[in-house]
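User: Please take a close look at one part of this model. I would like the local picture first, then how that part sits in the rest of the chain.

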Amino acid sequence: MGASALLSSNKARDQSHSKYELTHLVRAHTGSNDKHFNCVRLAQDDEGKVGVSLSKEVMFVAGDALKTNITTLGR
């Protein structure tokens with residue numbers, strides 16, 4: 001998100017400085033799959049601090065979502 005936020009702006013005054021233009025936006029929702037839904041969660045540790053918990057499948061899930069997005073763009 002950091003790089004895309006740097007390149008895009010919704011302010012009219014930034015339009016003349018823009019080097020790129022967003023032409024396609026693809027978003028795949030894979031949360032209906034239990035493995036995808038549970039790979040990133042907010043969890044509380046033993047000290048009561050809330051943090052993000054990542055499962056071992058997070059790389060597989062990210063790759064699957066990326067593959068779905070690229071396939072959708074190719075249509």
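Analyst: Start with Val 58, which is found in helix 3. The model is predicted, so confidence comes up again below. Val 58 has a relative accessible area of 22% and is partly exposed. The cut-off for buried is under 20%, so Val 58 does not count as buried. Set aside its neighbours within four places in sequence, and Val 58 is in contact with Cys 39 and Val 40. His 36 is 22 residues away from Val 58 in sequence. In space, the C-alpha atoms of Val 58 and His 36 are 7.8 Å apart.

Now the helix itself. Helix 3 covers residues 58–74, which is 17 residues. From its first C-alpha to its last it reaches 24 Å. That is close to the 24 Å expected at 1.5 Å a residue.

Which residues of helix 3 are buried? They are Val 61, Ala 65 and Asn 69. These residues cover an arc of only 70 degrees around the axis, so they sit on the same side of helix 3. Their cover includes helix 2, residues 34–37.

The other side of helix 3 reads differently. Met 59, Leu 66, Lys 67, Ile 70 and Gly 74 are exposed there. Take Lys 67, which lies in helix 3. Its relative accessibility is 54%, so Lys 67 counts as exposed; the cut-off is over 50%. Lys 67 and Ala 28 are 39 residues apart along the chain. Their C-alpha atoms are separated by 9.7 Å.

Next, the strands. Strand 1 spans residues 40–44 and strand 2 spans residues 50–54. The two pair in the antiparallel sense, over five bridges. Arg 41 has Ser 53 of strand 2 as its bridge partner. Ala 43 stands opposite Gly 51, also in strand 2. Together, strand 1 and strand 2 form a hairpin, with five residues between them. Gly 48 is in the turn and has a positive phi of about 90 degrees.

Is strand 2 largely in the open or largely covered? Of its five residues, the number buried is zero, so strand 2 lies largely in the open. Helix 3, by contrast, has Val 61, Ala 65 and Asn 69 buried.

Now the whole chain. It has three helices and two strands. From the N terminus on, the order is α-α-β-β-α. Buried residues make up 7% of the 75 residues. The accessible surface comes to about 7000 Å². Carbon and sulfur atoms account for 55% of that surface. Count the contacts between residues at least 6 apart in sequence: 31% of them join residues at least 24 apart.

Last, confidence. The mean pLDDT of the chain is 81. A value of 70 or more is reached by 87% of the residues. Among the elements, strand 2 has the highest mean pLDDT, at 92. Helix 1, residues 2–7, has the lowest, at 52.

Val 61, Ala 65 and Asn 69 are the buried residues of helix 3, and helix 2 is part of what covers them. Lys 67 is one of the exposed residues on the other side.

Technical notes:
Residues numbered from 1 in each chain as written. Predicted model: local features only at pLDDT ≥ 70, side-chain atom pairs only at ≥ 80, totals over all residues. Heavy atoms only, no water. Pairing = 2+ DSSP bridges. Helix = DSSP H or I, 4+ residues; strand = E, 2+ residues; numbered from the N terminus. pLDDT = per-residue confidence, 0-100. Buried < 20%, exposed > 50% of the residue type's maximum accessible area, 1.4 Å probe, protein only. Contact = heavy atoms within 4.5 Å. Areas by Shrake-Rupley, 256 points an atom, 1.4 Å probe, with all protein chains shown as cover. Expected span 1.5 Å × (residues − 1). Arc of directions from axis to C-beta.
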